[in-house]
Every structure is written in C-alpha cells, then in structure tokens.
Amino acid sequence: MPRLTRLLEPPRLRTVESDEAERRATWLELFFDLVFVAAITELGTILGLHLSAVGYLKYAALFVPIWWAWAGFAFYANRFDTDDLVYRLLVLLGMFAVAALATNVRGGFLHGASGFAASYVAARIVLLVLYARAIRFVPQARQLATLYFLAFAAAVVIWLVSLAFGSPERFVGWGLALTIELAAPLFGWRQIPQAPIDVRHIPERFGLLTIIVLGESVLAVVIGVRNVSWSRNAAAAAAGGFVAVAALWWVYFEFLDSSMVSRSIASGLVFTYAHFPVVMGIASLGVGVKYAILSSRPGGEYGNVGWVVCLATLICMLGLAAIQLATPPVLFDADVWLRLGTAGLAAVLAVLSSVLSPILIVWLLALALALQVVVELGGHEAHSSA
C-alpha cells in the first residue's frame with residue numbers, strides 16, 4: 001500500500017521554504033531535455049538549408065514555441081513535480097509530442113505546418129492536464145495555476161483554429177497564441193509570491209539545457225563535416241569555432257550570477273526570458289561554424305556565411321548582458337560592458353561579412369570571447385580578494 005500511495009502522490013508546492021534537501025535535476029528531466037535538444041538540432045539542420053536573413057527569421061520564429069514548451073514543463077516541474085506515476089506518464093507523453101514536433105520542423109512554414117501545430121498543441125494539452133491536477137490538489141497555488149491554465153488553453157484554441165487557415169493567416173494565429181502564452185507570467189506576477197519557484201532548482205535546469213545545447217553545437221559541427229577533406233583553412237575554422245564555444249561555456253557557467261533568480265520576481269522573469277536569445281544564439285552558432293568550415297573548402301559553394309556566426313554571437317551576448325543588467329548592485333558593470341562590446345563587434349562584422357572571410361570572422365569573435373573570459377577572470381579575482 002505505501003508503494004501504491006507513492007505511485008499516486010498528487011502534486012504539491014515545492015518551494016524554497018520546504019524542508020527537503022537541496023533539489024537536483026531528476027533523470028526524467030535530463031531525458032526530457034535531450035528530446036527537446038533533438039528538436040533544436042533538427043531546426044538547425046533547416047537553417048543550414050536556408051542560409052538567408054529570411055531563413056534565420058523563420059528559424060527564430062520556430063525556436064520560440066520549442067523553447068517555450070520546454071520552459072512550460074520546466075517551471076511546472078519546479079513547483080509541483082512529485083514524480084508519481086501519473087506525472088511520469090504525462091511527461092513521457094509530452095516528450096512523444098515534442099519528438100513529433102521535431103519531425104515536423106522541416107515543414108514548419110510549408111507542407112508540415114499543420115503537423116507542427118498539432119504536435120505543439122499535443123504537448124500543451126499535456127501541460128494543461130498537469131495544471132488541472134495542480135488546481136485541484138494545491139490550493140495555495142490555485143490562482144496562479146488557474147491563470148496559466150486559462151492562458152495556455154486560450155492559446156491552444158487559437159493554434160487549433162489556425163489549422164483551418166492557410167498562410168499567412170495561420171502564422172498570424174501562431175503569433176497571437178504565442179504572445180498570450182509568453183505574457184502569462186507577466187500577468188501572473190502578483191500571484192507568484194503565493195506559489196514561488198524553487199530558486200535553487202531553476203538555475204540548474206536552465207544550466208543543464210544550456211550545456212546540452214553547447215554540446216549539440218559541437219556535435220553538429222562534427223557530424224556536419226565528417227566527410228570533409230580537412231585543409232588548413234577548415235582546421236582553422238573548426239579550431240576557432242571550438243574556442244568560441246568554450247569561451248561561451250566559461251562566461252555562462254563561471255560569470256553568470258544565477259542568484260538573481262532569488263532576489264525579486266522581476267529579475268527572475270528577466271533570467272527566464274533572456275535565456276531565449278542565449279540558447280538560440282548558442283544553437284545557431286554551431287550551424288554558423290559548420291558552414292564556415294564547409295565554405296573554406298576549395299570551390300566551397302556556401303559563400304560568405306560569416307554573418308550567421310555574427311548574428312548568433314550578437315543575440316547570445318545581448319541575452320547574457322540583459323541577465324547581468326538585472327543583477328545588482330551596479331547596473332552597467334564591467335561584465336555588462338564586455339558583453340555589449342562583444343555584441344557590438346559581432347554587429348560590425350555582420351555588416352562586413354560580405355567582404356571578410358568566414359574563417360577570419362570566426363577567429364575575431366573567438367578571440368573577443370576569449371579576451372572577455374580573461375578580463376572577467378581578472379576582474380572577479382580582484383573583486384573576491386578585495
């Protein structure tokens with residue numbers, strides 16, 4: 001009987017005030033992240049087939065629902081996960097929907113748009129069922145859970161209605177639905193104190209997603225160029241890309257102050273939303289480096305693709321700067337200026353990408369990121385010893 005009770009344990013509010021030991025990500029959460037990264041990887045493949053400004057805009061547009069679907073499950077689990085049988089089965093069902101979402105990414109704006117929308121709706125319906133459980137069993141979080149349930153349900157209705165239309169009306173509906181979903185936490189900020197997040201757990205969840213996407217960026221390059229005859233230029237582009245990714249890892253995991261999540265609701269929201277450009281920038285950086293390597297081959301047909309690396313670095317740095325801006329006590333501290341400076345360099349190089357080689361662009365940005373690591377190391381070391 002105790003075992004059966006454990007398997008059917010209803011959701012409860014798990015907050016920082018609880019008596020339990022420090023939470024760690026569960027194996028189910030890690031499994032869940034890997035399925036989402038599969039969708040991100042597939043999306044990166046599509047970007048590689050459409051290396052243009054319009055292609056990148058479509059990449060960003062499809063990245064939004066994928067990332068927000070991950071965030072929806074992550075924040076629900078942060079507050080209410082009891083890891084009972086019902087929760088596990090529902091999350092596995094949600095993962096299956098995300099896997100279907102990944103298979104329909106290639107046609108997200110074409111013939112597969114209906115499949116993409118239907119897969120996303122299926123994932124959101126699973127989340128609605130989870131929130132319905134929270135509304136029933138967690139009275140202290142009922143107001144917030146109800147607000148999220150209504151917002152996500154309204155968005156699901158719009159997604160379903162969009163299936164009856166063609167483009168561009170369908171995509172207008174998608175934009176409206178996502179706007180409602182993304183705005184839900186902003187409208188629910190008054191209820192958050194009654195149902196706070198576990199501020200020890202959320203930074204770990206975002207960190208795990210980030211480290212997996214960093215690894216995926218390296219893997220995308222390895223798989224994408226496995227049949228390339230390596231020349232000096234190709235090796236130089238690959239080395240520069242690895243230096244850039246390693247520097248981003250260092251900046252994120254050494255210098256990003258995740259304690260901001262616990263300081264205020266506003267800073268926690270900034271931490272959440274700013275991770276969208278951070279994660280998307282890292283993911284698209286891998287695509288840019290891959291095609292910089294391919295363009296270095298004699299007779300390479302990809303031309304000047306350095307702008308992809310520039311844009312990826314730009315949006316990632318802006319996201320990291322936004323997080324740092326929300327970290328007291330100094331608004332524009334040295335870390336913010338360094339990240340904005342690197343973003344500014346990326347913007348300038350993007351403008352010049354038609355006349356600069358992709359290899360040179362990769363290395364200039366890699367050196368700028370590495371310099372940022374060195375300067376921040378010195379600054380933080382001086383601050384800690386003061």
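Trainee: Which residues have the most contacts inside the largest nonpolar core?

Mentor: They are F63, F152 and W159, in a core of 123 residues; a nonpolar core is a set of buried Ala, Val, Leu, Ile, Met, Phe, Trp, Tyr and Cys residues joined through side-chain atoms within 4.5 Å. Its largest share, 18 residues, comes from helix α3 (residues 53-80), helices being DSSP runs of H or I with at least four residues, numbered from the N terminus. This is a predicted model, in which local features need pLDDT of at least 70 and side-chain atom pairs count only at pLDDT 80 or more, while totals for chains, interfaces and linings use all residues. Residues are numbered from 1 along each chain as its sequence is written, and side-chain values use heavy atoms, with hydrogens and water left out.

Trainee: What does F63 touch, leaving out residues up to four places away in sequence?

Mentor: F63 touches I40, L43, F276, V279, M280 and A283, where contact means heavy atoms within 4.5 Å.

Trainee: Why is C310 called buried?

Mentor: Buried means under 20% relative accessible area, with a 1.4 Å probe and protein chains only; C310 has 0%, so C310 is buried. C316, at 2%, therefore counts as buried too. In α3, 23 of the 28 residues are buried.

Trainee: How do you know that the length of α3 agrees with its number of residues?

Mentor: The expected span is 1.5 Å times one less than the number of residues; for the 28 residues of α3 that should be 40 Å, and the end C-alpha atoms are 41 Å apart, so the two agree.

How values were computed: Buried < 20%, exposed > 50% of the residue type's maximum accessible area, 1.4 Å probe, protein only. Helix = DSSP H or I, 4+ residues; strand = E, 2+ residues; numbered from the N terminus.
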